[in-house]
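Keep the structure open as you read.

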Amino acid sequence: MKIQVHKLFDIVQEEFQKSAPMQEIFLKSHWENIVGKYSKYSEILWFREGKLCIKVYNSMALQHMYMNKNKILVKIQEYAKKKAIIIEDVKYLLEGKYE
């Protein structure tokens with residue numbers, strides 16, 4: 001029985017690594033743990049092709065997050081590494097200014 005459960009776990013893990021929507025859900029559900037205080041002022045809009053797009057609620061928070069982009073990216077990458085999610089860049093959008 002243990003062998004079958006282990007194989008099932010491997011299958012689920014493999015599918016997770018292929019599925020950007022599942023990875024995005026993982027990141028969204030752990031957003032507060034990943035970025036801490038920044039989670040009060042932001043949320044993940046989408047994740048695709050190694051790029052994470054974050055909606056920021058006000059211009060002051062946007063400026064602060066932009067100035068700390070490298071630190072935030074490293075935090076996100078460290079957390080995402082646990083699930084083999086590769087994040088190469090972060091894009092910020094101010095709420096109401098979608099592209």
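Ala84 is partly exposed, with a relative accessible area of 40%. In this predicted model, Ala84 sits in the loop between helix H5 (69-81) and strand E3 (89-94). Its backbone stands out. Ala84 has a positive phi of about 60 degrees, although it is not a glycine.

Phi of Glu49 is near 50 degrees, and Glu49 is not a glycine either. Find Glu49 in the loop between strand E1 (42-48) and strand E2 (51-56). Is Glu49 buried or exposed? Glu49 is exposed, because its relative accessible area of 78% is over the 50% cut-off.

E1 and E2 pair in the antiparallel sense, over six bridges. Arg48 stands opposite Lys51 of E2. Lys51 also has a bridge partner in E3, namely Asp89. E2 and E3 run parallel and are joined by six bridges. Further along, Leu52 has Val90 of E3 as its bridge partner.

The three strands form an open sheet in the order E1-E2-E3, and the pairing is mixed. E1 and E3 are the edge strands, each pairing on one side only. On average, neighbouring strands of this sheet are turned by 25 degrees against each other, direction ignored. How much of E2 is covered? E2 is mostly covered, with five of its six residues buried.

Next come the helices. H2 lies across E1 and E2 and runs at about 165 degrees to E1. H4 packs on the sheet and touches E1, E2 and E3. The direction of H4 makes about 165 degrees with that of E3.

Look down the axis of H2. Gln23, Glu24, Phe26 and Leu27 are buried in this helix. Why do they fall on the same side of H2? They are on the same side because they cover an arc of only 160 degrees around the axis. An α-helix has 3.6 residues a turn, so residues three or four places apart point the same way. On the other side of H2, Pro21, Ile25 and Ser29 are exposed.

Take Phe26 from the buried set. Phe26 lies in helix H2 (residues 20-29). Its relative accessible area is 12%, so Phe26 falls under the 20% cut-off for a buried residue. The C-alpha atoms of Phe26 and Ala80 are separated by 8.9 Å, with the two residues 54 places apart along the chain.

Set aside its neighbours within four places in sequence. Leu27 is then in contact with Ile34, Ile44, Phe47, Leu52, Ala80, Ile85 and Ile87.

In soluble globular proteins, nonpolar side chains tend to be buried together. Here the largest nonpolar core has 22 residues. Those with the most contacts inside it are Leu27, Leu52, Ile54, Ile76 and Ile87. H2, helix H3 (31-35), E1, E2, helix H4 (59-67), H5 and E3 each supply at least two residues of this core. The largest share, five residues, comes from H5.

Ser42 has its place in strand E1. Ser42 is buried, because its relative accessible area is 2%, under the 20% cut-off. Which polar partners does its side chain have? The side chains of Ser42 and Trp31 are joined by a polar contact of 3.2 Å. A polar atom of the Ser42 side chain also lies 2.7 Å from the backbone oxygen of Tyr38. Neighbours within four places in sequence aside, Ser42 is in contact with Trp31, Ile54, Lys55, Val56, Tyr57 and Met65. Among these, Ile54 returns us to the core, as one of the residues with the most contacts inside it.

Notes
Residues numbered from 1 in each chain as written. Predicted model: local features only at pLDDT ≥ 70, side-chain atom pairs only at ≥ 80, totals over all residues. Heavy atoms only, no water. Helix = DSSP H or I, 4+ residues; strand = E, 2+ residues; numbered from the N terminus. Buried < 20%, exposed > 50% of the residue type's maximum accessible area, 1.4 Å probe, protein only. Core = buried A, V, L, I, M, F, W, Y, C linked by side-chain atoms within 4.5 Å. Contact = heavy atoms within 4.5 Å. Pairing = 2+ DSSP bridges. Axes fitted to C-alpha atoms, helices over the stretch in contact; angles between N-to-C directions. Arc of directions from axis to C-beta. Polar contact = N/O pair within 3.5 Å; in protein donor to acceptor, adjacent residues only side chain to side chain.
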